[in-house]
Number of protein chains: 4
Amino acid sequence: MVFPLALHLPARLTLYLSMITSRSSVSVRYAETDMMGVVYHGSYLPWLEVGRTALLKEHGMPYRELESDGFFLPVLEVGLRYLKPAKYDDTVVITTFLREKPTLRIRMDYELHRGDELLVTAFTMHAFIDRNGRPVRPPAAFVAAMDRLFA
Amino acid sequence: MVFPLALHLPARLTLYLSMITSRSSVSVRYAETDMMGVVYHGSYLPWLEVGRTALLKEHGMPYRELESDGFFLPVLEVGLRYLKPAKYDDTVVITTFLREKPTLRIRMDYELHRGDELLVTAFTMHAFIDRNGRPVRPPAAFVAAMDRLFA
Amino acid sequence: MVFPLALHLPARLTLYLSMITSRSSVSVRYAETDMMGVVYHGSYLPWLEVGRTALLKEHGMPYRELESDGFFLPVLEVGLRYLKPAKYDDTVVITTFLREKPTLRIRMDYELHRGDELLVTAFTMHAFIDRNGRPVRPPAAFVAAMDRLFA
Amino acid sequence: MVFPLALHLPARLTLYLSMITSRSSVSVRYAETDMMGVVYHGSYLPWLEVGRTALLKEHGMPYRELESDGFFLPVLEVGLRYLKPAKYDDTVVITTFLREKPTLRIRMDYELHRGDELLVTAFTMHAFIDRNGRPVRPPAAFVAAMDRLFA
């Protein structure tokens with residue numbers, strides 16, 4: 001919820017107060033490394049997915065159910081900045097942010113940490129499509145959940 | 001085809017004369033290596049798939065068409081022996097063998113080489129299923145192609 | 001340990017009494033599925049690795065330390081039988097077995113379950129190599145741990 | 001090289017005349033698809049790597065040699081926009097662009113097509129590091145090649 005106080009705060013902080021977050025963690029697998037001796041840069045993408053899957057599930061919209069209802073949420077855009085490499089057997093904590101109430105487009109932001117160290121920042125952009133790949137409005141349950149979360 | 005001569009040869013050689021083979025090659029990607037500095041052992045599985053996709057296509061049964069006709073060919077069993085590691089940027093040649101005429105089960109064998117060096121031997125076992133995952137008989141076109149190939 | 005009773009039991013059961021096991025679980029990622037709608041057959045290999053990493057760690061031989069001591073444990077051979085497909089968002093439990101005391105070769109066996117359903121059985125075979133890829137004897141700490149575990 | 005004519009053209013076109021490009025292609029593997037029935041969004045990253053590996057090799061700087069000389073070129077940043085999905089067995093053409101002469105940072109741009117259709121646009125940002133992960137100046141041969149290419 002947005003605290004009344006927030007009305008007097010700068011826009012960004014207001015969003016902070018009302019944003020939705022979720023925390024997950026993964027243990028780095030050998031398969032996810034490459035010959036540079038650290039995690040392959042492409043291996044972070046499935047971890048972002050782990051993050052947003054958790055966020056959706058925690059807020060009552062398991063992605064598995066969205067798909068079985070005929071709604072798919074492909075990635076339209078992705079961006080990652082690699083600050084420090086994760087290594088084999090590290091525990092990487094993924095914090096996923098839904099900073100703004102989704103409209104037709106849904107943006108998720110991510111921060112990946114090992115302990116106190118920030119390793120990667122990232123974002124993904126999504127929109128709903130139907131079984132035939134055509135853009136559709138978000139399902140009613142999703143809209144209702146977002147109205148509730150960003151009330 | 002089986003040469004008449006084959007009748008007098010040991011079983012294995014007979015099979016050799018009538019077996020179907022196909023050759024493909026891949027260039028090793030950085031993504032396919034791991035921190036041991038060589039190709040990750042799991043990265044060879046997509047290469048086996050490159051091999052059998054080529055074999056099916058060359059013999060008039062593109063797998064893409066099999067699926068669009070409602071026939072799927074999942075892997076039921078797989079086995080690999082790793083003799084020498086492939087490395088980044090190597091050219092790996094995949095030879096795929098259909099040694100015996102498929103019945104309900106289809107077995108493919110594979111040899112992976114870098115130049116003259118044998119790196120990996122492998123096999124996969126398959127059977128047709130329908131869209132709902134139920135075992136089905138091979139499509140008529142597949143049976144006809146096999147009858148022709150192993151005549 | 002081997003119970004005295006085991007002396008009177010068939011070989012296989014004897015091994016059962018003394019074998020080492022470990023249990024891990026993974027949550028199936030979207031990235032691990034393929035267009036057949038289920039888990040890609042190659043995606044199970046990193047899960048086997050999750051299983052044996054846990055087994056080694058639980059018995060005081062974290063693989064990360066083995067490597068930093070200069071000992072590597074590549075996969076020499078792998079075999080999997082796929083009985084039922086895992087699906088997106090399933091929880092898959094990996095049970096890893098060290099059925100026999102390792103000599104120069106180390107064999108691990110695996111069973112993957114979703115609830116009561118057995119999905120996959122598998123094995124991997126390993127041997128120690130040094131930084132230059134040459135076969136070496138297992139490190140002393142590993143031998144000691146095995147002597148203790150299979151006493 | 002920059003044609004004299006270019007001096008009278010807008011900045012962007014000037015760059016176009018002097019930029020370095022390379023073309024590669026991949027055949028989509030089953031392993032690269034996901035349960036949405038199309039290519040998994042993370043599977044495009046190894047293809048970008050195929051593109052820049054070809055560009056470096058064609059201009060006399062094979063990445064394999066850079067690494068054996070102790071120079072590594074990790075990805076610092078990546079961004080992709082997905083316009084249309086690639087599908088199993090498609091031939092995807094990767095055009096890689098080096099639009100500006102690299103300084104300490106090297107930016108590559110990419111366009112992925114299936115026939116005439118633009119599927120994905122992307123960029124990656126890189127910088128050289130040494131074996132210990134410390135930033136270093138590009139190797140002399142690389143600088144010389146860039147001086148030649150962007151003369």
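Visitor: How many residues of chain A are in contact with chain D?
Guide: On the chain A side there are 22, and they touch 22 residues of chain D. Keep in mind that the model is predicted.

Visitor: And how much area do the two chains bury between them?
Guide: About 1800 Å², with 60% of it on carbon and sulfur atoms.

Visitor: Why quote an area for that?
Guide: Because the size of an interface is often given as the accessible area lost when the parts come together.

Visitor: OK, switching to charges. How many salt bridges are there between chain A and chain D?
Guide: The count is 2. One salt bridge brings together the side chains of Arg81(A) and Glu77(D), at 3.6 Å from N to O.

Visitor: What about polar contacts across that interface?
Guide: There are 6 residue pairs in polar contact between chain A and chain D, counting pairs with both residues at pLDDT 80 or more.

Visitor: Which elements of chain A supply the side that touches chain D?
Guide: α2 (44-58), α3 (63-68) and β2 (75-82) of chain A each give at least two residues. The largest share comes from β2(A), with 8 residues.

Visitor: How does that side of chain A divide into nonpolar, polar and charged?
Guide: You get 14 nonpolar residues, 3 polar and 5 charged.

Visitor: Back to β2(A). Does it run parallel or antiparallel to β2 of chain D?
Guide: Antiparallel: 5 bridges join β2(A) to strand β2 of chain D, residues 75-82.

Visitor: Which residue stands opposite Gly79(A) there?
Guide: That's Gly79(D), in β2(D).

How values were computed:
Residues are numbered from 1 along each chain as its sequence is written. Chains are lettered from A and ligands numbered from 1 in the order in which they are written. This is a predicted model: local features need pLDDT of at least 70, side-chain atom pairs count only at pLDDT 80 or more; totals for chains, interfaces and linings use all residues. Side-chain values use heavy atoms; hydrogens and water are left out. Contact means heavy atoms within 4.5 Å. Buried area is the accessible area (1.4 Å probe) that two parts lose on being put together, summed over both. A salt bridge is a side-chain nitrogen of Lys or Arg within 4 Å of a carboxyl oxygen of Asp or Glu. A polar contact is a pair of N or O atoms within 3.5 Å; within protein, one must be able to donate a hydrogen and the other to accept it, and residues adjacent in sequence count only if both atoms are side-chain atoms. Helices (H or I, at least four residues) and strands (E, at least two) are DSSP runs, numbered from the N terminus. Ala, Val, Leu, Ile, Met, Phe, Trp, Tyr, Cys and Pro count as nonpolar, Asp, Glu, Lys and Arg as charged, and the others, Gly among them, as polar. Two strands pair if DSSP finds at least two bridges between them.
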